Amino acid sequence: MTQEERILSGAAASKGIGFGKAFVLENKPLEIIERNIDDKDEELRRVEEAVRRAVEQLEELRETTRNTIGEEEAEIFEAHKWMLLDPEWTAGIRQRIITDGKCAEVATEQTTAAFVEMLAALEDPYLQARALDLRDVSERVLRILLHIETIDLSRLKGPVILVAEDLHPSDVAALDPAVIDGMVTRQGSETSHSAIIARSLGIPAVMGVVKLSGAVECNDRIIVDGDKGELFINPAVDTQEDYLLKRKKKAAFKESLQVFRGKKTQTFDEEEVELVCNIGRAEEAENVTLQDGEGIGLFRSEFIYFDRKDAPEEQEQYRIYAKVLESMEGKPVIIRTLDAGGDKDIPYLNLPQEMNPFLGQRAIRVCLDRKDLFKTQLRAILRASVHGNAKIMFPMISTVTELSSAKEVLQEAREELKAEGAAFNPEVEVGIMMEVPSAAIIADQLAKHVDFFSIGTNDLVQYTMATDRMNPAVKGLYKPHQPAVVRLINQVIQAGHQAGIWVGMCGEAASNPMMIPLLVGMGLDEYSVSPSCVLETRWLISKIDRKKAKKLLPQVLELEGAEEIEESVRQFLKENGIDGKENSDFV
Amino acid sequence: MEKKIVILSESGLHARPASLFVKEAGNMASDVILVKDGKEYNGKSMVSILGLGAAKGTELTLRVPGISTEESFAKLCAILESAS
């Protein structure tokens, strides 16, 4: 039977092309039946037990997510936990049982509904998203109370496109990408937690498809275009062939990258650069080797300080650094010293409450204020330095004075270790993050005092443009292609080179295909990217002729808008044979 | 202890200060109550504080009826006053 092709559109929530038969999840609301209760204590006990089970489940889910997806996504379930433990919510349920004589299920449902309604009414997208989280959590408790298993998709045979009204983050985290080839939901958007998880799992997704209700039936053939945010229901033969071809090309592109494994990273005219990785937890070092990274350009040491009651001692830190250094077998490992504050609160440090945490006591400022804490870390790094090729990097430096003070503490650590007869490498390179505009402006002065710079574009853009990167209202300003940012990056690289030191980059821009031609032209020495981007970045760099990129630069530096700069890079990529035929992801 | 406070921050009592406040309040033995327009809200509950919807210019009363130290009371005030 042939059916007419229909196209629906929504938000492009997770990239890629999915192809398969529809499995429509009937999100039937849980059936909650009011019943008379004889024993209020029994109902209270049931709720208590269900909440306890739910907390356990969330903790398990958090652990699995942390191992299979990542730290950041795992935090979502930590946030869900506080909702379960919220005194108002639990009190509301208890009250409905004790005073109104409701059964546990009805009490839970009514209490949740009241809070969800209240949060949803506030017309604040953040609070509305929290209302969804609250629903997710309470549904978990209700399912436990009703003895209903959570949706079990494990028996599905792939490839399947999951179609649903909405999918909770916890549902998405449990999906198997080998079976689920794509997902489509009527609710949600590219910023919802479910979308974040779909992206990390590599499941193509279109969300917020307003006209989805009733449009799809089980076993309909579906194509999900997660790049454009479109889905095709019972696609015509032509459409199907187009997409099969597109998908084949993508797969072939990924496959073709494999020849770059084990190769040097060099430009088309054979100028070598370094391609290393950013990691948070020490365990991620494995990933670096797996993805063929040439070392670690940013080890975010603050992860060692998270999720604990007090600061890690020297010996514990020493072991962690030594392990990472050994696993890298002599390849460089840049350890960034503690970057606390801003949005990274570490409770036991008792950082002051501030109006503007990003402009306050943060990173090196905290460390210079707590020299003991700082020195403990520096001693640990120095001692570990005999196990490999360690480099030390200070975050958030904004003046020469700050840098001198940090180096003084480092010198004290060296002298203490020397006096104690402890082994360390006295030649460990010392560098700084370039993420504050004031530092970038005086890069020539700072360069005299360090062995390297690493440009942190995420913060550099935020501080240069006076733009909170989490604030959607000013999203247009938050771009590495803003002329001011491009000029600053260039200025830092040139100042570094003039002083004879090397310059790297560890922000997202270092793996951004639309930035790489500019960075090659500027002569960036080191690209530090997330492990999954290594091969693609190596491929792109190999396509770019440094001499041509260098010639492009003076024109770009005169352009007056981010859009013009983007356009000129797009043009450059096209002229150099990177026109999207090989990889439609970005051009 | 009791104190009247006006929320000065542009974005009101938003998620970040609210979560700081709940954390701090959770450490106190006494109840922590926020009063807005005569209605009481539980200061130890994130859901409750978010639902209070304190925009810029909102007048709140912070009430800690039980035993508490000057220091922890001052801390709570400081979070509300600097809410950003």
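## A tour of chain A

Select Glu270(A) to start: this residue sits in the loop between strand E9 (265–266) and strand E10 (272–279) of chain A (strands are DSSP runs of at least two residues, helices H or I runs of at least four, numbered from the N terminus). The model is predicted, so local features need pLDDT of at least 70 and side-chain atom pairs 80 or more, while totals for chains, interfaces and linings use all residues. Residues count from 1 along each chain as written, chains are lettered from A and ligands numbered from 1 in written order, and side-chain values use heavy atoms, without hydrogens or water.

Stay on Glu270(A). Its phi is positive, about 60 degrees, yet it is not a glycine. Is Glu270(A) buried or exposed? It is exposed, at 60% relative accessibility (exposed is over 50%, buried under 20%, partly exposed in between; 1.4 Å probe, protein chains only).

Next, go to Ala363(A). Look in the loop between strand E12 (332–336) and helix H11 (364–369) of chain A. Ala363(A) is buried, with 0% relative accessible area.

Now pick Tyr318(A) and Arg383(A). Arg383(A) lies over the ring face of Tyr318(A), 4.3 Å from the ring centre (the rule: Lys NZ or Arg CZ within 6 Å of the centre and 35 degrees of the ring normal).

Finish at Ile489(A). Leaving out residues up to four places away in sequence, Ile489(A) touches Ile455(A), Thr457(A), Leu460(A), Met505(A), Met515(A), Leu519(A) and Met522(A) (contact: heavy atoms within 4.5 Å).
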